[in-house]
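The questions below ask what lies behind each label.

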Number of protein chains: 2
Amino acid sequence: MLNFSFANPTKIHFGEQQIAKIKNEIPADANVLVTYGGGSIKSNGVYDQVVEALNEHTWFEFAGIEPNPSYQTCMKAVSVVKEKHIDFILAVGGGSVIDGSKFIAAAANYDGEPWDILAKGGIIKSAIALGAVLTLPATGSESNGNSVVSNLESHDKLPFASPLVLPKFAVLDPVVTYSLPERQVANGIVDAFVHAMEQYLTYDVGAKLQDRFAEGILMTLIEEGPKAFSDPDNYQVRANVMWSATMALNGLIGAGVPQDWATHMLGHEMTAVYGLDHAQTLAIVLPRMMAEQKETKRGKILQYADRVLGLDISDEEQAIDQAIAKTEAFFHSVNMPTRLSDYGLGAEVADKIVTQLERHGMTALGEREQVTLDKSRAILLASV
Amino acid sequence: MLNFSFANPTKIHFGEQQIAKIKNEIPADANVLVTYGGGSIKSNGVYDQVVEALNEHTWFEFAGIEPNPSYQTCMKAVSVVKEKHIDFILAVGGGSVIDGSKFIAAAANYDGEPWDILAKGGIIKSAIALGAVLTLPATGSESNGNSVVSNLESHDKLPFASPLVLPKFAVLDPVVTYSLPERQVANGIVDAFVHAMEQYLTYDVGAKLQDRFAEGILMTLIEEGPKAFSDPDNYQVRANVMWSATMALNGLIGAGVPQDWATHMLGHEMTAVYGLDHAQTLAIVLPRMMAEQKETKRGKILQYADRVLGLDISDEEQAIDQAIAKTEAFFHSVNMPTRLSDYGLGAEVADKIVTQLERHGMTALGEREQVTLDKSRAILLASV
């Protein structure tokens, strides 16, 4: 086990009718900005629950934070924050709304050009306080300090992280996920699954409990994920998917272990250039990443084959191939395509994405920095 | 899954040489009281590391917090806190030192007779800030708000809980556990194991991830626990035991599930009356509790038999009996006796403990409140 420091102070309110709890979680004298996306919260009742809960607060709203939240949109919200003297942001939505709201929270207090937070690693010294009502289990953004924001002009999709943008609280009501479009449900399950894999499928450092926890998340998503389509109003299914997605990226399973994230780095570039959904890119890349890295990841792929997938691993080569095939089959089981050609894309993607990776300095990715640009190209060519 | 609210803001610093981090975790202008137990920290180097880390702080010390910390000792420390205007307590030790320090932290600010915190559920409105350097992985006290304190005069051993006594930080260095006496190592492993069981072995509420996490802790302790005796200086073994013990009682695996704690309630009374170590009592009671409650816990015992112990569960009765026997065998594998007679005690314990339970209003224990006084008596008689 590697040394680590870990804390996750986000207070989780989990369950039916928990949105009402935001009333007591936001200071009574706060000027609140409710941020959200395209308006689905108005048709599924979430907006009404939030309005009811805030009936004694002073609040404003900012709608229109898009999937893959843009710097351009976020900066409009920053103007509202300054104009209305906002001191609490309540993000109501999925990972995009929460990620965007984190950037808004940091940018509003940033001394300088806020784009530098993303492009130059600008230091965040303070941020507006943030809370979240989660509507799409996927990114874990509701209880971590990470955010990814896109620049519509430069086609950059860049991350930043700060404990100062960690939500103070997050409300997770599985009921609000019943009405999600299937594409978003699939995206969320795949995203959570790949988050767990990025922290698990590396090399053994003796961190047995972290491995067991990651395996628990992976098994739960494999068992419950498909039921979210066959039995969409099943509370327990939705609850298990939702809690798994949060636990997949709240820092816990990544504490004391090596981490990969190469699949994410390729995926971010693919979203920035081709507009694919984040999880769509992960489902394309991960199986090929596993195949390309199967020697360096051998021990962990076999452990995954054995413990998570229940495969016979006596023939190691066969078990590794089966594990990769079963991973791809799991993505299909939640209606997620796994090939570039499923989106009308072909071999041209490889050079384009490699150019992007090079431009962003991502020339040696993964837990051992062994995913060179040549390997990234090979992975993308194999993904057609 | 049941509704829940969960937060655990304790910052964990885990690994070799992490004690130095307390320097930056305690406010520079704090008046610090370092609390500890019988002085083992002076022979194993922990005291020296703490002194070095505090070389720029103003600090005092209070030694002599005993196993099963007493109200009487804690109140002496409260006098020191008041006299020296202490505003930060650094507990250096195992669960007893940390539990005692929590009571000191709460009692020092309590308006009224501090014993009422334990005996009458007196409300804690504030507490001295607390941090911990853990030397004995066992109770999880380093990152929860729970405490158990004993009254030497009345033979009461009573718990209290408050988020206000949750440690701000905890340092977990597995190296400091190498020199622990075997009895304490055994105590810690059994205590952590039973903590996980109290939150896991109840009835199914569909909380699949919590089940997987609890199973991960149980499997890790079963695999690694015995190695702490056969290979005591193995860092990875000690690290996995230490992290498992913390995760077993930091609120995570108990969020959204029913909880039992009947074994603990009987155990507390046995410690109060007979002076047995806390974990010794748990190892005596748990196998008989499982047998007595095997119908109400049937589904979960079978799941435990299957997933944690790898037993064939096609013959359910046989699998349940084997699961109980294997649980007892695990306790033996870490050198922990499991019978009252191992301590020279016999059937007389039953009436004595039942009288105590009755006196403390514990007439219907467990997740379904089905462990009546008669059942507690039967469990104790079966434990001779």
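Q: What makes H12(A) and H14(A) roughly antiparallel?
A: The axes of helix H12 (residues 278-292) of chain A and helix H14 (residues 316-333) of chain A cross at roughly 175° and come within 9 Å. Axes are lines fitted to C-alpha atoms, for helices over the stretch in contact, and angles run from 0 to 180 degrees between N-to-C directions. Angles under 35 degrees count as roughly parallel, over 145 as roughly antiparallel, 65 to 115 as roughly perpendicular and the rest as oblique. H12(A) is therefore roughly antiparallel to H14(A). Helices (H or I, at least four residues) and strands (E, at least two) are DSSP runs, numbered from the N terminus.

The model is predicted: local features need pLDDT of at least 70, side-chain atom pairs count only at pLDDT 80 or more, and totals for chains, interfaces and linings use all residues. Residues are numbered from 1 along each chain as its sequence is written, and chains are lettered from A and ligands numbered from 1 in the order in which they are written.

Q: Which residues of H12(A) and H14(A) meet, and how do they divide by class?
A: A:Ala283, A:Leu286, A:Pro287, A:Met290 and A:Ala291 in H12(A) meet A:Ile324, A:Thr327, A:Glu328 and A:Phe331 in H14(A). Two residues are in contact if their C-beta atoms, placed from the backbone, lie within 7 Å. This contact has seven nonpolar residues, one polar and one charged. Ala, Val, Leu, Ile, Met, Phe, Trp, Tyr, Cys and Pro count as nonpolar, Asp, Glu, Lys and Arg as charged, and the others, Gly among them, as polar.

Q: Why are H4(B) and H5(B) called oblique to each other?
A: Helix H4 (residues 71-83) of chain B packs on helix H5 (residues 95-107) of chain B at an angle of about 50°, with the axes 9 Å apart. H4(B) and H5(B) are therefore oblique. Their crossing is right-handed; a crossing is left-handed if the near helix is turned anticlockwise from the far one by less than a right angle, and right-handed if clockwise. H4(B) contributes B:Thr73, B:Cys74, B:Met75, B:Ala77, B:Val78 and B:Val81, and H5(B) contributes B:Gly100, B:Phe103, B:Ile104 and B:Ala107. Eight of these residues are nonpolar, two are polar and none is charged.

Q: How are the two copies related?
A: Chain A superposes on chain B by a rotation of 180° with 0.0 Å of shift along its axis (RMSD 0.0 Å). The two copies are thus related as by a two-fold rotation axis. Copies are superposed by least squares on the C-alpha atoms of residues with pLDDT of at least 70 in both. Of the residues of chain A, A:Pro9 comes closest to this axis, with its C-alpha at 1.9 Å. The same surface serves both copies, since 100% of the contact residues of chain A recur in chain B.

Q: How many residues does each chain give to the contact, and which element of chain A gives the largest share?
A: The contact takes 34 residues from chain A and 34 residues from chain B. E1(A) gives the largest share of the side of chain A, 11 residues. That side has 14 nonpolar, 14 polar and six charged residues.

Q: What makes E1(A) and E1(B) a pair?
A: Two strands pair if DSSP finds at least two bridges between them. E1(A) and strand E1 (residues 4-14) of chain B have seven bridges and pair in the antiparallel sense. A:His13 stands opposite B:Ser5 in E1(B). E1(B) is also joined by four bridges to strand E8 (residues 169-172) of chain B, and these two run parallel. There, B:Lys11 has B:Phe169 of E8(B) as its bridge partner.

Q: What makes E3(A) and E3(B) the edge strands?
A: The open sheet is formed by 12 strands, in the order E3(A)-E2(A)-E4(A)-E5(A)-E8(A)-E1(A)-E1(B)-E8(B)-E5(B)-E4(B)-E2(B)-E3(B), with mixed pairing. Strand E3 (58-62) of chain A and strand E3 (58-62) of chain B each pair on one side only. From one strand to the next, the twist averages 25°.
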